[in-house]
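Q: Hi! Please walk me through this structure while I ask some quick questions.

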Amino acid sequence: MSEKIVISPTSRQEGHAELVMEVDDEGIVTKGRYFSITPVRGLERIVTGKAPETAPVITQRICGVCPIPHTLASVEAMDDSLDIEIPKAGRQLRELLLAAHDINSHCIHHFLIAQDVVPADLMVTAINSVSEIRKNVQYVVDMVGGEGIHPSDVRIGGMAKNLSEVARKRLYARLKALKPKLDAHVELITGLVADKGFPKGLGVTSAPAVASHPTYGDGTNFDVDRFTEILPESWYDDPEIGKRACSTIPLYDGLNVEVGPRARAEVYRGFNERGVVAQHVARAIEMKIALSKIIDILAELDTSAPVLADFDVRGTNKLGIGAIEGPRGMDVHMAQVADGKTQFYSALVPTTWNIPTMGIATEGFHHEFGPHVIRAYDPCLSCATHVIVVDDEDRSVIKNEMVRI
Amino acid sequence: MVLGKYKQITLARSTDKQIQNISQDGGIATGLLAFALDEKIIDGAVVAGPSDEMWKPEPTVALTADEIMAAAGTKYTLCPNNWMIKEAVRQYGLEKVGVVTIPCQTMGLRKMQSYPFGTRFMADKIALIVGICCTENFSFESLKTFIEAKAGVNFDLVEKMDIGKGKFWVYTQDGTINFPIKETHGYEQNGCKVCLDLVSELSDISTGSIGAPDDWSAVEVRTDAGDTVFSKAVDAGLIETKPIDEGKFGLEMLTRLARQKKEKAMKEIDRRKELGLPVPYKASSEKEDPLANI
């Protein structure tokens, strides 16, 4: 006889989602379904019909946790649609920005999983380590992006400004000094995840790994012909869930996929392990890769080089694809520009790719591991416009089906 | 107190011959910032640097004493230095910023520091505010118009401008022309009419020519930060001081002009308030001391 366990909303993640697990007599999950209950996002609609420069500014507001991948994916899509070749230094600054953000975001995730893996006596050490690293990498984001949260200096055609030589040297020294701290942090987290003793095979699925670039992102590696999008009603076999799920189901070659640090490691670095532990390890290792990339770029960057290309804003209605490897996976923005206006815009955000896979990943183990499996994906069901229907006459809410936390 | 709070008021000038040659009066703003940079009290400064157009300053981040010197001398037009602070702490990566400001900009910076909304990690990086005295300021086109009309010289030929002894002075290769400062009224920007601050009351250290003999500046040392840098510069022999004349052409004049500016502005504030216009100051009836800068 099967029982249904519902966790709603799932905790220690960004946004609201629900995990529904059917379990057998031993408590083993036989069927897992994970779906977003964060309501409608209308951002793609908002940018349509406006000047292309509007899109990066609006779409970065998709989320305050990873605004940088969204901004970058948006400008990359616009660059592609408008056929812009950005200057080398502009590209370096973009890569620098993303790498710094990647470390920051992974660090935040370590904060979220601290309750799961860090024992009480090491909690203060772990949190201080997270704070120290974040402080340093956010300093890079501040300077390169212009703002720590929603970067103002990422532009279509490159970046608004180059760094000064003083800033470059200062950042180089600071980030070089961060290396031993970050190495220690990675060792601490991977050690603690190993100590936790998750059961072997937890979270392993057969979903193919998808990534577009080892570190930055490359729109040409995202084949739009292999991509399909279906409605949740036809994905979830429970009609009630199909109706309540708020995100569409993206498929690649007709299959649900996995994106994120582990997927990147599998596609580009021959990392073959799968499951919860592998995801934590891949994420931690990626922090080291990102830091060494930051240091390399800062060593090479020519601070007197131009960073912004001239371009014709009118556009030819070419479908531009911007793929950015965000901390939580491949973030794809697609844009078409004609007559100086955005004609079409679509964003396929990282967690949307992972949503259909995450429920399945809980299957085969005790339901108590369910939340651990979910958190290993670091899901981010970004903040959204919460739509309520109001009667204009008397200002009352006539239909309120919003999530209550 | 119409001159704001200060620890010390004195006459001072830079002892550096090079600075004396290029500066407006005593070369205090230039000398102090260059000294603070050498002493690593600041790691860069936002100053009104030269632009492509003569007499049109541009907010510039100066990282060397030479760059600070290139910005020496008063330009009687607007230069939005505060606007450059963000770039100074972001793209330039400065952590201790020095800045030269006129009174209205000083107020803006202090407001930003007390309520850093939208200026995250910026307000706390301002290490030294050198305020300059200001009676009024002109938009670039106004300045050009009245100089060409009243002094009758081509604006491009002007080598120095100055306000002193009730007159606006224009120096060219061929000679010096002056006209009463009253004749510039009507050309100043609108905000100056409600400004209650002559001497940058909220700065760390303020400097200006009013109340000082030629080639000297009257300096008010106001905060601990201002005091530290000023006394270090004096000890190092880069700035010489002498007591300010208490009499008619010294402190008395400075006080009188500061009071006059406040009284005139207060009248205008009250008038605008009565008309229901938005004014960022309290009306005289709303405050204890009608001359307070609030």
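A: A residue is buried if 20 or more other C-beta atoms lie within 10 Å of its own, exposed if 12 or fewer, and partly exposed in between, with C-beta atoms placed from the backbone. This is a predicted model, in which local features need pLDDT of at least 70, side-chain atom pairs count only at pLDDT 80 or more, and totals for chains, interfaces and linings use all residues. Residues are numbered from 1 along each chain as its sequence is written, while chains are lettered from A and ligands numbered from 1 in the order in which they are written.

Q: Is A:Asn317 buried or exposed?

A: A:Asn317 counts as exposed, because it has 12 C-beta neighbours inside 10 Å. It lies in strand β8 (residues 316-326) of chain A; helices (H or I, at least four residues) and strands (E, at least two) are DSSP runs, numbered from the N terminus. A:Asn317 is not a glycine, yet its phi is positive, near 65°.

Q: And where is A:Asp83?

A: A:Asp83 is in the loop between α3 (67-81) and α4 (88-117) of chain A. Its phi is positive as well, about 55°, although it is not a glycine. A:Asp83 is exposed, because 12 other C-beta atoms lie within 10 Å.

Q: Which residues does a cis peptide bond join?

A: The bond joins A:Ser8 and A:Pro9, with omega at about -5°. A:Pro9 sits in the loop between β1 (3-7) and β2 (17-23) of chain A.

Q: Let's switch to helices. How are two packed helices described?

A: By the angle between their axes and the distance between the axes. Here the axes are lines fitted to C-alpha atoms, for helices over the stretch in contact, and angles run from 0 to 180 degrees between N-to-C directions.

Q: OK, at what angle do the axes of α6 and α10 of chain A cross?

A: Helix α6 (residues 165-196) and helix α10 (residues 276-300) of chain A cross at roughly 165°, and their axes come within 9 Å. That makes α6(A) roughly antiparallel to α10(A). The cut-offs are under 35 degrees for roughly parallel, over 145 for roughly antiparallel, 65 to 115 for roughly perpendicular, and oblique for the rest. The residues of this contact divide into 18 nonpolar, 2 polar and 5 charged. Ala, Val, Leu, Ile, Met, Phe, Trp, Tyr, Cys and Pro count as nonpolar, Asp, Glu, Lys and Arg as charged, and the others, Gly among them, as polar.

Q: How do α4(A) and α10(A) pack?

A: Their axes are 9 Å apart, at an angle of about 150°. α4(A) and α10(A) are therefore roughly antiparallel to each other. On the α4(A) side, the contact includes A:Leu96, A:Ala99 and A:Ala100, and on the α10(A) side it includes A:Ala290, A:Leu291 and A:Ile294. Two residues are in contact if their C-beta atoms, placed from the backbone, lie within 7 Å. By class, there are 9 nonpolar, 3 polar and 5 charged residues in the contact of α4(A) with α10(A).

Q: What about α9 of chain A, at what angle does it pack with α10(A)?

A: Helix α9 (residues 261-269) and α10(A) meet at about 80°, with axes 8 Å apart. They are therefore roughly perpendicular to each other. From α9(A), the contact takes in A:Pro261, A:Arg262 and A:Ala265.

Q: New topic. How many residues are in the largest nonpolar core?

A: It has 167 residues, and A:Val140, A:Ile294, B:Leu32, B:Ala45 and B:Val97 touch the most other members. α10(A) supplies the largest share, 12 residues. Such a core is a set of buried Ala, Val, Leu, Ile, Met, Phe, Trp, Tyr and Cys residues joined through C-beta atoms within 7 Å.

Q: What is A:Ile294 in contact with?

A: Leaving aside neighbours within four places in sequence, A:Ile294 contacts A:Leu96, A:Ala99, A:Ala100, A:Val140 and A:Leu175.

Q: How many residues of helix α2 of chain B are buried?

A: Helix α2 (residues 28-38) of chain B is mostly covered, with 10 of its 11 residues buried. Among them are B:Leu32, B:Leu33 and B:Phe35. Just after α2(B), B:Lys40 has a positive phi of about 60°.

Q: Last one: how many residues does the contact take from chain B and from chain A?

A: It takes 7 residues from chain B and 11 from chain A. The side of chain B that touches chain A has 3 nonpolar, 2 polar and 2 charged residues.
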